[in-house]
Amino acid sequence: EIGNLIAMEIKNLPDQNFAFIAAVSGTADKVASDEYKKYMSIASHKGFSKEFVQQVAKAVDYEAHILGPTSGRELVQDLLGKDEKKQHKHLALIEKQLERLFKAQLASCLHYAQIEEKKHFSYIKVPIEDVLSSRNAYPPRGKAIGIVQQHFNDQGKKAITVGIGKSSFNFRASTEIEKFDVHAFMDLCKKKVPYAQINGGGHRVAGSVTFVAAAKEEVENILDEYVNGL
């Protein structure tokens, strides 16, 4: 979109749906801003539904994971609408694949998860490194935890979902749990276990915290105490 604005005076540029691409980008990165809402509105007026934007965002995320450092320029351009026939064909294939992968990953996560019902929310701990079929599996650990969180949200439940790894935790939580804050937990860990090399970041209800593997049990105990105090 910035490139489009800079190049507005250049003639004979091919017609591009920049608002649609901006909407896909914002959706993929879970942006919450007035600008994002405006782009979604413009995309909608141009015939791109919210559901279609979400479908494209999921497909691009999946292909980016599969391609890794490979460019994949032609495929990404097709997914973003350079060739509409190819776009819909690719999206249909990827949608089926994602549905299968997400369903399988959710089943594994729920089966091996430790679920504790608190007074106002569910507390879910998933041994994330043990439920991924491979190191480079899709969905990756953060997205897998997001799928579990969404499962509880869809049931109308407030929840805190944590992917428990050997040297890192991934977090997703319902925004309604106002006292939960990834950054506050991280600060607490830095204070209680300063030797654990605590690091990480993200949003208030979605992020990750890393630490040395030797501190896992201590950090998990601090997490349990933190959640119990909410």
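Visitor: Which residues in α6 meet which residues in α8?
Guide: Phe-102, Gln-105, Leu-106, Cys-109 and Leu-110 of α6 meet Lys-143, Ala-144, Ile-147, Val-148, His-151 and Phe-152 of α8. Contact here means heavy atoms within 4.5 Å. Helices (H or I, at least four residues) and strands (E, at least two) are DSSP runs, numbered from the N terminus.

Visitor: What should I know about the model and the numbering?
Guide: The model is predicted, with local features needing pLDDT of at least 70 and side-chain atom pairs counted only at pLDDT 80 or more, while totals for chains, interfaces and linings use all residues. Residues are numbered from 1 along each chain as its sequence is written, and side-chain values use heavy atoms, with hydrogens and water left out.

Visitor: At what angle do the axes of α6 and α8 cross?
Guide: At roughly 80 degrees, with the axes of α6 (residues 84-112) and α8 (residues 141-154) coming within 10 Å. Axes are lines fitted to C-alpha atoms, for helices over the stretch in contact, and angles run from 0 to 180 degrees between N-to-C directions. The two helices are therefore roughly perpendicular. Under 35 degrees counts as roughly parallel, over 145 as roughly antiparallel, 65 to 115 as roughly perpendicular and the rest as oblique.

Visitor: And how far apart are the axes of α2 and α3?
Guide: They are 8 Å apart, and α2 (residues 18-28) packs against α3 (residues 34-45) at about 130 degrees. That makes α2 oblique to α3.

Visitor: New topic: what is the order of the strands in the sheet?
Guide: The order is β1-β2-β3-β4-β6-β5, in an open sheet of six strands with mixed pairing. Two strands pair if DSSP finds at least two bridges between them. β1 (114-117) and β5 (199-202) are at the edges with a single partner strand each, so one side of each has no neighbour in the sheet. The twist averages 15 degrees from one strand to the next.

Visitor: Which strands does α8 touch?
Guide: α8 packs on the sheet and touches β1, β2 (122-126), β3 (159-164) and β4; its direction makes about 30 degrees with that of β4.

Visitor: In which sense do β4 and β6 pair?
Guide: β4 (residues 168-173) and β6 (residues 206-210) pair in the antiparallel sense, over five bridges. Phe-171 has Gly-207 in β6 as its bridge partner.
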